[in-house]
Amino acid sequence: MATEEQTTDALRKLRQMLPDDDTVYNLAEFFKMFGDPTRAKILQCLHMRALYVGELADVLGMSISAVSHQLRVLRSAKLVKGVKEGKEVKYSLDDDHVNQILDCGLTHVNEQ
């Protein structure tokens with residue numbers, strides 16, 4: 001059994017290993033992006049394939065302006081990116097980390 005001094009020392013070391021407050025705040029803000037059902041649906045669509053705003057609006061039964069607003073929020077969080085193709089922008093997930101987060105999240109919520 002650990003002594004009180006060993007426990008105190010272990011807890012102090014654990015505290016030192018924690019990320020700084022700014023990093024923790026940014027992490028919490030990042031995960032908030034996944035907390036909105038509309039954004040989660042947009043991310044799931046883009047997880048399957050890159051889409052234009054109009055295509056997303058059609059799939060989700062939403063207005064283009066509502067989808068555009070959510071895409072702006074997701075872009076600012078660096079979860080999605082857009083590539084201009086002529087007069088339109090095709091959106092996709094920003095990088096493979098976002099794919100991994102979505103895969104892990106779905107695996108977790110689908111566990112029985």
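Author: In this predicted model, Gln70 lies in helix α5, which covers residues 64–76. The relative accessibility of Gln70 is 12%, so Gln70 counts as buried, the limit for that class being under 20%. Apart from neighbours within four places in sequence, the residues in contact with Gln70 are Asp36, Thr38, Arg39 and Ile42.

A reference point elsewhere in the chain is Asp9, which sits in helix α1 (residues 4–17). Asp9 has a relative accessibility of 27% and therefore counts as partly exposed. Between Asp9 and Gln70 there are 61 residues of separation along the chain, and their C-alpha atoms are 46 Å apart.

That distance can be set beside the overall dimensions. The C-alpha trace of the protein chain spans about 65 × 35 × 20 Å along its principal axes. The protein chain contains 6 helices and 3 strands, and their order along the sequence is α-α-α-β-α-α-β-β-α. For 112 residues the globule rule gives 13 Å, while the radius of gyration of the protein chain is 19 Å, well over that value; the chain is therefore more spread out than a compact globule. Of the 112 residues, 21% count as buried, and Gln70 is one that does, at 12% relative accessibility. Among the contacts in the protein chain with a separation of 6 or more, 49% are between residues 24 or more positions apart.

The aromatic side chains come next. The whole structure holds 3 aromatic pairs. One of them joins Phe30 and Phe31: the ring centres are 5.2 Å apart and the planes meet at 75°, so this pair is edge-to-face, because the angle is over 60 degrees. Phe31 also pairs with Phe34, with 6.1 Å from centre to centre and 45° between the planes, and this pair is tilted. Phe30, Phe31 and Phe34 make up one aromatic cluster. As for accessibility, Phe30 counts as partly exposed at 22%, and Phe31 also counts as partly exposed, at 44%.

Cys104 is accordingly in no disulfide, its nearest cysteine sulfur being that of Cys45. The two residues fall into separate accessibility classes: Cys45 counts as buried because its relative accessibility is 10%, whereas Cys104 counts as exposed because its value is 55%.

The last element to check is helix α6, residues 96–109. At the start of α6, a side-chain oxygen of Asp95 comes within 2.9 Å of the backbone nitrogen of His97.

Note on methods: Residues are numbered from 1 along each chain as its sequence is written. This is a predicted model: local features need pLDDT of at least 70, side-chain atom pairs count only at pLDDT 80 or more; totals for chains, interfaces and linings use all residues. Side-chain values use heavy atoms; hydrogens and water are left out. Buried means under 20% relative accessible area, exposed over 50%, partly exposed in between (1.4 Å probe, protein chains only). A disulfide is a pair of cysteine sulfur atoms within 2.5 Å. Helices (H or I, at least four residues) and strands (E, at least two) are DSSP runs, numbered from the N terminus. Contact means heavy atoms within 4.5 Å. Rings of Phe, Tyr and Trp (its six-membered ring) pair if their centres lie within 6.5 Å; planes under 30 degrees apart count as stacked, over 60 as edge-to-face and the rest as tilted. The expected span of a helix is 1.5 Å times one less than its number of residues. A polar contact is a pair of N or O atoms within 3.5 Å; within protein, one must be able to donate a hydrogen and the other to accept it, and residues adjacent in sequence count only if both atoms are side-chain atoms. The radius of gyration is taken over C-alpha atoms; the globule rule is 2.2 Å times the number of residues to the power 0.38.
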